[in-house]
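Please go through the model shown below. The report that follows takes up helix packing, the chain interface, the sheets and some backbone details.

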Number of protein chains: 2
Amino acid sequence: MKIGIAQINPVVGDFPGNAKRILAAYRECIEAGAELVLTPELSLAGYPPRDLVFKSQFVPKCLQALDYLAGETRDVPLLAGYVDHNHPKHPGKPFRNAAAWLEHGEIRHRIWKTLLPTYDVFDERRYFEPGESCDPILWNGKRIGVTICEDIWTEDYLQRPFYDRDPVDELAAKGIDLLVNLSASPFHLGKPALRRAMIGGIAHRVKTPVVYCNAVGANDQLVFDGHSLVAGANGRIQVQVPGFTETCRVVDPFAPAENDAPPDDCEPSHIYQALVLGLRDYVTKCGFSSVCLGLSGGIDSALTAVIAADALGPQNVRGLTMPSAYSSRGSVFDSFALADKLGIRCDEVPIGPAFEAIKQTMRPVFDGKPEDVTEENMQARIRGLLMMALSNKENHLLLTTGNKSELAVGYCTIYGDMNGGLAVISDLPKTRVYQVARWINRGREIIPWNTIDKPPSAELRPDQKDQDTLPPYEILDGILELYVEHHMSADEIVARGFEESTVRWIQRRVDLNEWKRHQAAPGLRVTSKAFGIGRRMPIVQRFVG
Amino acid sequence: MKIGIAQINPVVGDFPGNAKRILAAYRECIEAGAELVLTPELSLAGYPPRDLVFKSQFVPKCLQALDYLAGETRDVPLLAGYVDHNHPKHPGKPFRNAAAWLEHGEIRHRIWKTLLPTYDVFDERRYFEPGESCDPILWNGKRIGVTICEDIWTEDYLQRPFYDRDPVDELAAKGIDLLVNLSASPFHLGKPALRRAMIGGIAHRVKTPVVYCNAVGANDQLVFDGHSLVAGANGRIQVQVPGFTETCRVVDPFAPAENDAPPDDCEPSHIYQALVLGLRDYVTKCGFSSVCLGLSGGIDSALTAVIAADALGPQNVRGLTMPSAYSSRGSVFDSFALADKLGIRCDEVPIGPAFEAIKQTMRPVFDGKPEDVTEENMQARIRGLLMMALSNKENHLLLTTGNKSELAVGYCTIYGDMNGGLAVISDLPKTRVYQVARWINRGREIIPWNTIDKPPSAELRPDQKDQDTLPPYEILDGILELYVEHHMSADEIVARGFEESTVRWIQRRVDLNEWKRHQAAPGLRVTSKAFGIGRRMPIVQRFVG
């Protein structure tokens, strides 16, 4: 049996566009011999549609598009993900996260998602009512179990036993020859390997091949990595579709294993590919074709520039280096060296005169008070203002270049260097920024080595270094991972061997800077817990623990 | 039977502080003769604690505080709201939204909330597992039904039949003499009257008095308005506790109706009180004592200044008026007139020299391109920068003064006039801003009449008026209400009699400006659908409908 895996990249709410994408992939799979074609979860609506589903015409237009899709099918069935209404009299949420089995011009079956994740980045119980029963679909003498994403995420792979049902067991109990899954499973580090292990385990447990079709592409903060796959009935991964790229693959889940290349689980490579895809999709799906960013000579802006040039082409990346009296000439030199290497345009715009004018303006109000962090922030905000001016005048989307460590402790200036439409590396701790930069420079120099090797500095006062204010990044990042990603208390972190005063200082800085992150640009998630959609902290609160 | 209603103002995560607040109110109620004391939903934890509950020590510390509270009780039972663990082996979410019946030094009963709202501003299924059964508590020969907030929000008052259970019916079927409800029900316009109607209806239906204790105070974007009440068994509202203020009231739900003053449902008064409370709590619970804001001579900043001066005292409000070449002298004059009237300090800081310096800085890059919206934004951003400088230097929380109409269509400058820690009136459509301003000026002049009567202008280019760019505010606000609050499609709005081109222009502006609102300061919610926590739209999307 030949099954087409259409690992496509839908755009949220783009029914005509997504229908076209699905049909093109459907036809490509048929050309390659597919007898049944899978698409990702909510492939017609894009995932996650969030509150768009409440718009009065969202579901009606989705159903219209589904009818159109159905009309285009012949004898090869197509499984498409879409949003359906819950019955008006049926208690619960107004919608269903649904999949339709389209065949011979009509909708033959409708499947509702049973397990609705409502944790981390997921809010499905806000919108959807779970399916009541899981029934195999009889087709060509085979019994096919159709599941949607979370339906196969069984207890061992969740943080706790979230659900009192197991759709895979329900289907297996009714008898299936094949299990298929339509997913929109977002990337974070380690997730592709986790999915392989989980899906192999399911296949082995129910003694049935599993064909897993995941979405690829980015929508807002979530990057979907694809990595669709097939597990044989023995639990072995037979086919591993490449990640981070749209592709169609026709597979036979009952055939002996193909000799696919072993999976590439190199962490910096995954991060880099996720960020390139995330940036490209954010910018282009928003209707922009080019970006601008400030180049400081530091590693964060350098890494962001490399990613942008790769994602959009160097001709679509515009740099500005904005030295002050406190900037080293080396920083300007490094900025231009990077721009040269990447082939992007960079201009130099000194901020001295604007800084003087602003200080002069506030002088009567400040009334002789000494310079302090106010004036440091002024410089960052003048740069942010100049970047937005360039963005406005030339219609680039401004990228902000802050990393996760500084966003965590607020070592960044709101309305200054935090300005931008997308925070490309805001989920990368500083130590990861270095790791990815070194990986980019493997056997070559793209980012100037000087940028990587010099001590990091915001250059907002004479001879400033990050480590004047912050603990060494290895320690900072170690503590942040425990505090932010694992929700540990200060006592628990100290018990791991970190110095108490450092832990408490970091804890307080993280808590106090919630308000800045509330106003931060959306960032691309690559770790298990990013600041952003999956982490929802109150700003006004007094918990210490 | 005398019941104490402790309408208190908890702070999220402040277990020691909330325990003190609860105990003080408990004792005050006992002094006044209470035989049983009610506090609001999650009174010990504050509502909503959001992802704080995932912190490893949050629930343990909450339970510790509950034990302490229990130890302080004697023969008068105290009902306190708290967060409990779900049993580790019990499938579902890790926590319970709980109430504890504390008496004679111990926890006598634990009640789980049954209906968990997961819509609008609520995310309870992200955290909590619903209670399995509702059982009356036998006390002093009476059977008391204890419910938590949503448990009494029955089908007629929800957007659709969300739940397949009705805790009030379950309790009534088992027999109750009294129904009590612990709530943290946030304010929006019309909600107090809605609650009276609903609770009166419940009392009438189950033929039992209802005592309703609601939280008061603000946490982030939500303002809890109090308005606790008692409905007699005949459905009549016997007691109406005042709104927007902490208070303890001892009531006898079985006694004949008191002669309470009729409820004040004046809309501008409710809005004004909600915003004063919301601003005061946001600022002081964050640890600030003072605010600053830009005074433009326009109505938005004027209204915000009045609210701030009322909430914090005029000595804690600091204004700056920042005229440009395009500002009328009238605007500066009106700003000082308002500051005089309120007794707040205001300084004048012209932005001309800074504007020139910034334009000069970008001249080589802009390469002769004509002035456009870039230079308009520059002015707004210089002002934003100066306000943040004042905030940094003198440690004021900066208020941003934009209204809902301009935030909707993006008629505001990100990193400029959008700068600030709190967006005080960002849920007030411009027509409401005028309504509240006129209400403030009832029989007197606090806001200069000139500010109210002149045509609104951003004053970013010569002789600019809002209506050069925007439809008249009556039309804009009418369309926005249908589009944003009621999720109507453009066609449906046009069918209401609005001009199609205007509707489509507004729709496009609202959709395109989602990215700006993503980075907006938190605002205080006063309508049924604010931008912010209760509205979660994707930024990258292509739905038009």
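## Helix packing in chain B

Which residues in H14(B) meet which residues in H16(B)? From H14(B) come Ile475(B), Leu476(B), Ile479(B), Leu480(B), Tyr483(B) and Val484(B), and from H16(B) come Thr502(B), Val503(B), Ile506(B), Gln507(B) and Val510(B). Contact here requires that the C-beta atoms of two residues, placed from the backbone, lie within 7 Å. The contact of H14(B) with H16(B) divides into nine nonpolar residues, two polar and no charged. Nonpolar covers Ala, Val, Leu, Ile, Met, Phe, Trp, Tyr, Cys and Pro; charged covers Asp, Glu, Lys and Arg; the others, Gly among them, count as polar.

The model is predicted: local features need pLDDT of at least 70, side-chain atom pairs count only at pLDDT 80 or more, and totals for chains, interfaces and linings use all residues. Residues are numbered from 1 along each chain as its sequence is written, and chains are lettered from A and ligands numbered from 1 in the order in which they are written. Helices (H or I, at least four residues) and strands (E, at least two) are DSSP runs, numbered from the N terminus.

Helix H14 of chain B spans residues 473-485 and helix H16 of chain B spans residues 500-512; their axes come within 10 Å and cross at roughly 60 degrees. Axes are lines fitted to C-alpha atoms, for helices over the stretch in contact, and angles run from 0 to 180 degrees between N-to-C directions. H14(B) and H16(B) are therefore oblique to each other. Angles under 35 degrees count as roughly parallel, over 145 as roughly antiparallel, 65 to 115 as roughly perpendicular and the rest as oblique.

## Symmetry and interface

Chain B is superposed on chain A by a rotation of 180 degrees with 0.0 Å of shift along its axis, at an RMSD of 0.0 Å. That is the relation of a two-fold axis. In chain B, Gln519(B) has the C-alpha nearest the axis, 2.1 Å from it. The superposition is by least squares on the C-alpha atoms of residues with pLDDT of at least 70 in both copies.

In the interface, 80 residues of chain B are in contact with 80 residues of chain A. On the chain B side, two or more residues each come from helix H2 (58-71), helix H5 (267-285), helix H8 (352-366), helix H9 (373-394) and helix H17 (514-518). H9(B) gives the most, with 13 residues. This side of chain B divides into 40 nonpolar, 21 polar and 19 charged residues. The copies meet through the same surface, because 100% of the interface residues of chain B are also interface residues in chain A.

## Sheets in chain A

One open sheet of chain A has six strands in the order S6-S7-S8-S9-S12-S13, with mixed pairing. Two strands pair if DSSP finds at least two bridges between them. Strand S6 (137-139) and strand S13 (237-240) of chain A stand at the edges with a single partner strand each, so one side of each has no neighbour in the sheet. Neighbouring strands are turned by 20 degrees against each other on average, direction ignored. Strand S12 (residues 229-231) of chain A is joined to S13(A) by three bridges, and the two run antiparallel. Val230(A) stands opposite Val239(A) in S13(A). Helix H4 (residues 191-206) of chain A packs on this sheet, touching strand S8 (178-183), strand S9 (210-214), S12 and S13 of chain A, and its direction makes about 35 degrees with that of S12(A).

A five-strand open sheet in chain A has the order S17-S16-S15-S18-S19 and parallel pairing. Its edge strands are strand S17 (345-348) and strand S19 (422-423) of chain A, each pairing on one side only. Two bridges join the parallel strands S15 (residues 291-294) and S18 (residues 397-400) of chain A, and Val291(A) stands opposite Leu397(A) in S18(A).

## Backbone details

A cis peptide bond joins Tyr47(A) and Pro48(A), with omega about -5 degrees. Pro48(A) lies in the loop between strand S2 (36-38) and helix H2 (58-71) of chain A. In chain B, a cis peptide bond joins Tyr47(B) and Pro48(B), with omega about -5 degrees.

Asn140(A) is not a glycine but has a positive phi of about 50 degrees. Asn140(A) lies in the loop between S6 and strand S7 (142-148) of chain A. Most residues other than glycine have a negative phi, and most peptide bonds are trans.
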